[in-house]
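Open your viewer and get ready to click through a few selections with me.

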Amino acid sequence: MIQHASPLRLTWVRRAVRIWASPQMFGSSQQRQAKKLMRKAVVQAYLGMRKNHGGPFGAVVARNGEIVAKGHNMVLKTYDPTAHAEVVAIRRAASKLNRFDLSDCEIYSTCEPCPMCLAAIYWARIRRIHYGCTRKDAEKIGFRDKRLYDLIKKRKSPAVEKVKFERRECLKPFQEWTRKKDRIIY
């Protein structure tokens with residue numbers, strides 16, 4: 001049975017965020033705002049981890065220094081291997097703003113994005129990523145992004161067999177797409 005964190009257990013997190021976000025501790029107002037947004041991502045990491053939704057990862061999508069959407073890793077809760085914190089936050093932000101182009105947004109993530117999340121950030125057109133921990137930090141606690149990075153660098157052979165099959169049939173929707181007058185390129 002999954003135990004959910006009670007609001008009382010999370011009060012120390014809220015208290016810590018207030019202390020960390022104290023204006024006297026940081027430089028410019030932009031730096032203070034950035035640190036405040038990263039602290040919100042940290043709170044998301046704690047919330048998701050303590051609810052056993054997934055690993056200790058949190059993310060916040062912000063526009064003009066204001067939070068658009070928050071997310072934490074939800075792989076275990078949803079049985080969805082793509083439900084990483086950044087992807088969850090991007091999905092929520094796109095849904096809230098009713099658009100897929102988030103080029104006027106930034107993302108704050110508690111960890112350097114894995115290749116999948118980096119691709120999602122790219123597809124959302126987000127131009128700036130603020131992250132705390134590195135991929136090596138994630139590897140030290142058991143997350144295996146290194147395999148993907150090695151695959152990308154072609155240091156290792158793919159773990160998944162690729163079989164090209166039925167290209168002619170699969171090209172038909174592509175051909176129709178090129179003729180479609182109301183298509184929207186994303």
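**Starting inside**

Select Ala 93 to begin: leaving aside neighbours within four places in sequence, Ala 93 is in contact with Val 61, Val 68, Ala 69 and Leu 102. Keep in mind that this is a predicted model.

Now widen the view. Ala 93 is among the residues with the most contacts inside the largest nonpolar core, which has 18 residues. The most come from α4, with 5 residues. Next, select Leu 37, Met 38, Val 60 and Tyr 108: they belong to a second, separate core of 6 residues.

**Out to the surface**

Show Phe 100, Tyr 122, Trp 123, Trp 177, Ile 184, Ile 185 and Tyr 186 together. They form a nonpolar patch on the surface, with about 870 Å² of accessible area. Click Ile 185, in the segment after α8 (167-179). Is Ile 185 buried or exposed? Its relative accessibility is 58%, so Ile 185 counts as exposed.

**Looking for rings**

How many aromatic pairs does a search of the whole structure find? The search gives 2. For one, select Phe 57 and Phe 143: the ring centres are 4.8 Å apart and the planes at 80°, so this pair is edge-to-face. Phe 57 is buried, at 13% relative accessible area, while Phe 143 is partly exposed, at 31%.

Finish with Tyr 122 and Trp 123, an edge-to-face pair with 5.7 Å from centre to centre and 80° between the planes. Both of these residues are exposed.

Key
Residues numbered from 1 in each chain as written. Predicted model: local features only at pLDDT ≥ 70, side-chain atom pairs only at ≥ 80, totals over all residues. Heavy atoms only, no water. Core = buried A, V, L, I, M, F, W, Y, C linked by side-chain atoms within 4.5 Å. Buried < 20%, exposed > 50% of the residue type's maximum accessible area, 1.4 Å probe, protein only. Helix = DSSP H or I, 4+ residues; strand = E, 2+ residues; numbered from the N terminus. Contact = heavy atoms within 4.5 Å. Patch = residues over 30% accessible without salt bridge, like charges linked within 9 Å, V, L, I, M, F, W, Y side chains within 5 Å. Areas by Shrake-Rupley, 256 points an atom, 1.4 Å probe, with all protein chains shown as cover. Salt bridge = Lys/Arg side-chain N within 4 Å of Asp/Glu carboxyl O. Phe/Tyr/Trp six-rings, centres within 6.5 Å; stacked < 30°, edge-to-face > 60°.
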